[in-house]
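Here is a short note for a colleague who has not looked at this chain before. The points can be read with the sequence and the model side by side.

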Amino acid sequence: MASVPAFEDRGMSIGRVFQRAFSTITHNPIVVLGIAIVVGALPSVIITYVMRSLRAGDPNTDLSRIWGTMVITWVLAVIIGAIVQGALTRAVAAENEGQRASFADCVATALRVLLPLLGVGFIYGLAIGVGFILLIVPGIIVMLIWSVAGPAVVVERN
């Protein structure tokens, strides 16, 4: 007679998601908040300051200079976002495995998978754009399906 493996309840609930998120923050607050502030917020504030100071200047500011700055800041924001996503994913994955990841480990992991994260992000954005052009619902479906692609890249490559 064949034995049936025990069923483990791995159902998805919003309560479990919030519990794991707050568990990660409470068990390793320096790393999680450090990543959010040092890697995410601080560069974003600097980029915003540069953009606002450029607009607040002379009304005769060269339009190509403004567009160039906007493109550069957009690229930097995308790169910073990918690094933050990779680093925070590493911190959460380590917490889920019962380990504590250091700030350096999280950032190093994010930098190791930066190019794949940027590639996945590009494909993700393109697929969502096409989905929204077709109709709103396919865009939302694609967005929900691909929302775990970035974290999957970080966890699988680490």
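1. A term is needed before the rest: a nonpolar core is a set of buried Ala, Val, Leu, Ile, Met, Phe, Trp, Tyr and Cys residues joined through side-chain atoms within 4.5 Å. In this structure, which is a predicted model, the largest such core has 23 residues. Ile 35, Val 39, Cys 106 and Leu 117 have the most contacts inside that core. At least two of the core residues come from each of helix H2 (29–55), H3, helix H4 (103–112), helix H5 (114–134) and helix H7 (149–157). The largest share, 7 residues, is supplied by H3. As background, nonpolar side chains tend to be buried together in soluble globular proteins.

2. On the overall fold, the chain has 7 helices and 0 strands. Read from the N terminus, the elements run α-α-α-α-α-α-α. Of the contacts with a separation of 6 or more, 64% are accounted for by residues 24 or more positions apart.

3. On burial and surface, 28% of the 158 residues count as buried. The accessible surface of the chain comes to about 11000 Å². Carbon and sulfur atoms hold 71% of that surface.

4. Helix H3 deserves a separate look. It covers residues 63–96, which is 34 residues. From its first C-alpha to its last, H3 reaches 49 Å, close to the 50 Å expected at 1.5 Å a residue. Just after H3, Gly 98 takes a positive phi of about 80 degrees.

5. Leaving aside neighbours within four places in sequence, Thr 73 is in contact with Ile 47 and Met 51.

6. Val 39 was named above among the core residues with the most contacts. What does Val 39 touch, not counting residues up to four places away in sequence? The partners are Gly 34, Ile 80, Ile 83, Val 84, Phe 103 and Val 107.

7. In general, side chains of opposite charge can pair when their charged atoms come close.

8. Ser 23 is buried, with a relative accessible area of 16%.

9. Which residues does Gly 150 touch, not counting residues up to four places away in sequence? Gly 150 touches Gln 85, Leu 117 and Val 120. Among these, Leu 117 is also one of the residues with the most contacts inside the largest nonpolar core. Gly 150 lies in helix H7 and is buried, with a relative accessible area of 6%. Gly 150 and Leu 118 are 32 residues apart in sequence, and their C-alpha atoms are 8.9 Å apart in space.

10. Leu 144 lies in helix H6 (residues 136–146). With a relative accessible area of 62%, Leu 144 counts as exposed because the cut-off for that label is over 50%. The C-alpha atoms of Leu 144 and Ile 128 are separated by 9.6 Å, and the two residues are 16 residues apart along the chain.

Terms used: Residues are numbered from 1 along each chain as its sequence is written. This is a predicted model: local features need pLDDT of at least 70, side-chain atom pairs count only at pLDDT 80 or more; totals for chains, interfaces and linings use all residues. Side-chain values use heavy atoms; hydrogens and water are left out. Helices (H or I, at least four residues) and strands (E, at least two) are DSSP runs, numbered from the N terminus. Buried means under 20% relative accessible area, exposed over 50%, partly exposed in between (1.4 Å probe, protein chains only). Contact means heavy atoms within 4.5 Å. Accessible areas come from the Shrake-Rupley method with a 1.4 Å probe; for residues, only the protein chains shown count as cover. The expected span of a helix is 1.5 Å times one less than its number of residues.
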